[in-house]
Amino acid sequence: ICSAHKQPSRLESLLAQYNKSVEPVLIVGCAGGTDALSGTASYLSKHPVISCPPDGMNNSCLTNPPGSSNAFVLKPANVARLAAQFFAQQSPEICAALDANTREKILKLEEADSKLRSKL
């Protein structure tokens, strides 16, 4: 946990540590207000950064200056899925869980469609 406004040197230090990682890293910025966290992190990081504001739609996540390359995902569940997709290539367990989740959602849609069609 770190604030870009209140702890800029700590943020820079943490990102420098993450930049040394040989393991895959995905950073999720969860900041409200002007969300300097995601923009600053994406500028200083060698790893992808996703903005997911805790207070709903936040346009400041979408208007970072040039060189700030953070992605924006509004719903935490969708951030979790994106993270799973990112790490699935490195982890058979995550890949299997992602596949199972996808199959489950498709099955539920097919069942709902079948139920609706049977009423016609």
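Which residue in β2 is the bridge partner of I27? It's V49, and that pair is a handy way into this predicted model, where local features need pLDDT of at least 70, side-chain atom pairs count only at pLDDT 80 or more, and totals for chains, interfaces and linings use all residues. Residues are numbered from 1 along each chain as its sequence is written, and side-chain values use heavy atoms, with hydrogens and water left out.

Start with the sheet. Strands of a sheet pair through backbone hydrogen bonds, either parallel or antiparallel. Here, three strands make an open sheet in the order β1-β2-β3, with parallel pairing (two strands pair if DSSP finds at least two bridges between them). Helices and strands are DSSP runs numbered from the N terminus, a helix being H or I with at least four residues and a strand being E with at least two. Three bridges join β1 to strand β2 (residues 49-51) in the parallel sense. β1 (27-29) and β3 (71-72) sit at the edges with a single partner strand each, so one side of each has no neighbour in the sheet.

Next come the helices. Two packed helices are described by the angle between their axes and the distance between the axes. Axes are lines fitted to C-alpha atoms, for helices over the stretch in contact, and angles run from 0 to 180 degrees between N-to-C directions. Helix α1 (residues 8-19) packs with helix α2 (residues 36-44) at about 40°, their axes 10 Å apart. That makes α1 oblique to α2 (under 35 degrees counts as roughly parallel, over 145 as roughly antiparallel, 65 to 115 as roughly perpendicular and the rest as oblique). On the α1 side, L11, E12, L15 and N19 meet L37, T40, A41 and L44 of α2 (contact means heavy atoms within 4.5 Å). α2 also lies across β1 and β2, running at about 165° to β2.

Further along, helix α3 (residues 76-88) and α4 have axes that come within 8 Å and cross at roughly 135°. That makes α3 oblique to α4. R81, A84, Q85, F87 and A88 of α3 make the contact with I94, C95, L98, N101 and T102 of α4.

Finally, the charges. Side chains of opposite charge can pair when their charged atoms come close. The structure has two salt bridges (a side-chain nitrogen of Lys or Arg within 4 Å of a carboxyl oxygen of Asp or Glu). One of them links the side chains of E104 and K108, at 3.2 Å from N to O. Both E104 and K108 belong to helix α4 (residues 92-118), four residues apart, or about one turn of the helix.
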